[in-house]
Amino acid sequence: MKTDPERFIRANTVLGAPPHVPEIRLHLADEAHDLWLKTEDELDALGLPPPFWAFAWAGGQGLARHLIDNPDLVAGKVVLDFASGSGLVAIAACLAGTARVSAVDIDPWSATAARLNALENSVSFEISQTDLVGTDSGWDVVLAGDVFYDRTMSDLIQPWFSALAKRGALVLVGDPGRSYCPPNGMELLATYQVPVTRALEDSEIKRTSVFRFTG
């Protein structure tokens with residue numbers, strides 16, 4: 001039987017505030033929920049990709065914090081939140097006063113989670129599952145949290161982000177020191193100490209930076 005995403009998310013998460021962005025409420029998995037403990041095989045049997053949307057990752061928290069504290073970066077702008085996951089960064093962008101936000105993630109479960117989370121925060125934004133890598137719809141700002149998690153992904157998006165920056169887009173990324181984060185071509189804007197869950201990361205606090213692609 002096909003698993004209903006909305007029913008599953010409501011049953012396997014709890015509404016909570018990411019510790020570094022307490023203004024925002026998300027449907028999050030924690031130790032009290034089976035989702036936290038399910039193996040890859042169990043998730044596959046449910047037709048569920050790895051539930052990245054169920055956690056507030058450090059890079060996303062840092063980037064969301066930076067937008068809320070510096071709303072001039074996105075206020076009145078047309079914004080893309082790439083690899084949106086839970087929709088955390090898109091929600092932060094809405095709270096900071098964007099003209100329009102598009103949240104894109106190829107995981108269909110992410111779309112449902114982002115929609116539910118938007119409702120909880122009384123904001124709205126476009127949600128898409130289209131693979132936009134390499135495209136350009138003229139966004140003023142492109143946001144990405146925790147996207148440099150493997151070499152393949154990094155190799156795909158780094159030249160794309162650089163090209164967008166060169167044509168004038170503000171490309172902001174939040175990264176907690178992932179191995180494949182580019183060593184150059186970016187300007188450091190801020191660094192935060194972000195509380196995270198040890199079961200997901202290698203520590204309880206991740207030093208997380210917000211960068212601007214310089215092209």
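Predicted model: local features only at pLDDT ≥ 70, side-chain atom pairs only at ≥ 80, totals over all residues.
**View 1. Strand E4 and its burial.** Strand E4 spans residues 100–104; strands (E, at least two residues) and helices (H or I, at least four) are DSSP runs, numbered from the N terminus.

**View 2. Pairing of E3 with E4.** Strand E3 (residues 78–82) runs parallel to E4 and is joined to it by five bridges; two strands pair if DSSP finds at least two bridges between them. Arg100 of E4 is the bridge partner of Val78. Together with helix H5 (residues 88–95), these strands make a right-handed β-α-β unit: with the strands pointing away from the viewer, the path from the first strand over the helix to the second runs clockwise.

**View 3. Pairing of E4 with E5.** Three bridges pair E4 with strand E5 (residues 126–128) in the parallel sense. Ala103 has Ile127 of E5 as its bridge partner. The chain passes from E4 to E5 through helix H6 (residues 108–120) in a right-handed β-α-β crossover.

**View 4. Asp107 in the loop between E4 and H6.** Asp107 lies in this loop and is buried, with a relative accessible area of 12%. Apart from neighbours within four places in sequence, Asp107 is in contact (heavy atoms within 4.5 Å) with Pro49, Pro50, Trp53 and Gln129.

**Notes.** Residues are numbered from 1 along each chain as its sequence is written, and side-chain values use heavy atoms, leaving out hydrogens and water. Local features need pLDDT of at least 70, side-chain atom pairs count only at pLDDT 80 or more, and totals for chains, interfaces and linings use all residues.

Key: Buried < 20%, exposed > 50% of the residue type's maximum accessible area, 1.4 Å probe, protein only.
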